[in-house]
Structure formats: structure tokens, C-alpha cells
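Reader: I'm new to this one. Can you walk me through it?

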Amino acid sequence: MSAEDPGGKDIEVRDAVSAPDAEGRPVRTTRRFPLFTRDTARPEGGGRAASRDAPAPARQWPVLAVLGTVALGLLVTALDAFRVGTLLIGLALLAGAVLRWLLPGVGMLAVRSRFTDIATYGVLGVAIVLLALMAQPDPWLEIPFLKDTLHFTLEN
């Protein structure tokens with residue numbers, strides 16, 4: 001089957017689902033994923049957090065706030081306040097989850113889909129906070145059944 005393009009040339013159309021490419025040649029469109037990925041789509045919410053007129057750091061303020069708090073937590077941990085430093089790190093990840101949930105554009109804080117980012121930041125943040133609260137010696141949080149579970153697994 002052949003058709004005529006606006007330039008007057010004959011174009012061979014292979015089947016009913018052919019579509020022209022950038023040069024006007026028919027290419028079969030398919031719903032299959034390509035064998036090799038050539039580029040990636042920006043994640044939902046991955047646009048700038050501030051307008052294009054703002055300087056670069058202001059456009060990425062959500063990720064800078066999270067990374068700054070994590071850096072502060074690492075510094076506090078290095079200065080021998082382990083529990084407070086790790087709490088800051090966990091709270092920074094929880095804040096990242098909240099920012100990802102509330103803001104439409106979070107810049108480079110958006111890595112995957114909104115759900116995946118919130119779940120990842122949230123689970124890691126909660127785990128770090130709980131581990132910091134239960135760290136020995138003198139834990140700030142004691143969960144009684146965890147001690148029993150540990151003793152049961154070590155005895156058997």
C-alpha cells in the first residue's frame with residue numbers, strides 16, 4: 001500500500017498502525033517496551049520547586065533542606081551525640097516524605113513516582129528513628145516483646 005505525503009513523494013505504509021517518524025518515513029508503532037532505554041522520563045513532581053528566575057539553590061530547596069539536615073545529623077553524630085544525630089537523620093527523611101507528599105514540585109527530591117518516594121523516605125525515616133530511640137545503653141524507647149523475641153530466637 002502506498003500513500004502520498006505533502007511533499008508529493010510516495011510513502012510506503014507497511015500496515016495500519018504505521019506512523020511517520022521525524023523525517024516522514026513510516027515506522028511501526030508498538031506498545032512493547034524497547035529493548036534498550038535511550039532516555040528517561042522525569043518523575044512526577046520532578047520539576048523545579050521555584051521559578052526559573054530564582055537562583056539554582058532556591059530552585060532545589062526541598063532536597064537541600066533534607067540534605068542539610070542529614071549533614072547536621074552526621075556532624076552531631078561525629079561530635080559524640082549518637083542518639084541525637086541519628087534522630088536528626090531519621091527526621092530529615094521523614095520531612096522529605098512529607099515534602100514529597102505535600103508539594104507539587106520538589107526538584108531533585110523526586111526520584112521515582114510519588115508513592116515510591118514517600119514509601120521509601122517514610123520507611124527508612126521511621127526505621128532510623130526507631131533504631132535511634134532503642135539504641136543501647138539506656139534506650140529512650142523500650143518495646144517489651146522485642147526483648148522476648150530476641151531471647152526466644154537465641155535460645156532455640
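Author: Let's start with a term: a salt bridge is a side-chain nitrogen of Lys or Arg within 4 Å of a carboxyl oxygen of Asp or Glu. Side chains of opposite charge can pair when their charged atoms come close. The model is predicted, so local features need pLDDT of at least 70, side-chain atom pairs count only at pLDDT 80 or more, and totals for chains, interfaces and linings use all residues. Residues are numbered from 1 along each chain as its sequence is written, and side-chain values use heavy atoms, with hydrogens and water left out.

Reader: OK. How many salt bridges does a search of the whole structure find?

Author: One. The side chains of D117 and R100 form it, at 2.8 Å from N to O.

Reader: Which helices do D117 and R100 sit in?

Author: D117 is in helix α4 (residues 114-134), and R100 is in helix α3 (residues 82-102). The two are 17 residues apart, and the pair links distant parts of the chain. Helices here are DSSP runs of H or I with at least four residues, strands are runs of E with at least two, and both are numbered from the N terminus.

Reader: Are D117 and R100 buried or exposed?

Author: Both are buried. Buried means under 20% relative accessible area, exposed means over 50%, and partly exposed is in between, with a 1.4 Å probe and protein chains only.

Reader: Zoom out. How many helices and strands does the protein chain have?

Author: Five helices and four strands. Along the sequence the pattern reads β-β-β-β-α-α-α-α-α. The chain has 156 residues, and buried ones make up 26% of them.

Reader: What share of the contacts comes from residues 24 or more positions apart?

Author: 46%, among contacts with a separation of 6 or more. Contact means heavy atoms within 4.5 Å.

Reader: New topic. What volume does the largest pocket have?

Author: About 250 Å³. Ten residues line that pocket, and the closest to its centre are Q136, P139, E142, I143 and K147. A pocket is found on a 1 Å grid over the protein atoms alone: an open set of points where a 1.4 Å probe fits, with protein on both sides within 12 Å along at least five of seven lines. Lining residues have an atom within 4 Å of a point. The volume is the space filled by probe spheres set on the points, which are joined across faces, edges and corners.

Reader: Which helix gives the largest share of the lining?

Author: Helix α5 (residues 144-155), with four residues. By type, the lining divides into seven nonpolar, one polar and two charged. Ala, Val, Leu, Ile, Met, Phe, Trp, Tyr, Cys and Pro count as nonpolar, Asp, Glu, Lys and Arg as charged, and the others, Gly among them, as polar.

Reader: P139 came up there. Where does P139 lie?

Author: In the loop between α4 and α5. P139 touches R83, L133 and M134, not counting residues up to four places away in sequence. P139 and R83 are 56 residues apart in sequence, yet 9.3 Å apart in space, C-alpha to C-alpha.

Reader: What else is in that loop?

Author: W140 counts as exposed because its relative accessible area is 55%. Beyond four places in sequence, W140 is in contact with R83, V84, L87 and L133. P137 is also in the loop, and the peptide bond from Q136 to P137 is cis, with omega near -5°.

Reader: Which residue there has a positive phi of about 55°?

Author: D138, although it is not a glycine. D138 lies in the loop between α4 and α5. Its relative accessibility is 62%, so D138 is exposed.

Reader: And D80, what is its phi?

Author: Near 75°, a positive value in a residue other than glycine. D80 sits in the loop between α2 and α3. D80 is exposed because its relative accessible area is 71%.

Reader: Last one. Why does Q60 count as buried?

Author: Because its relative accessibility is 18%. Q60 is in the loop between α1 (56-59) and α2 (61-78). The side chain of Q60 reaches the backbone nitrogen of M108 at 2.6 Å. Leaving aside neighbours within four places in sequence, Q60 is in contact with V106, G107 and M108.

How values were computed: Polar contact = N/O pair within 3.5 Å; in protein donor to acceptor, adjacent residues only side chain to side chain.
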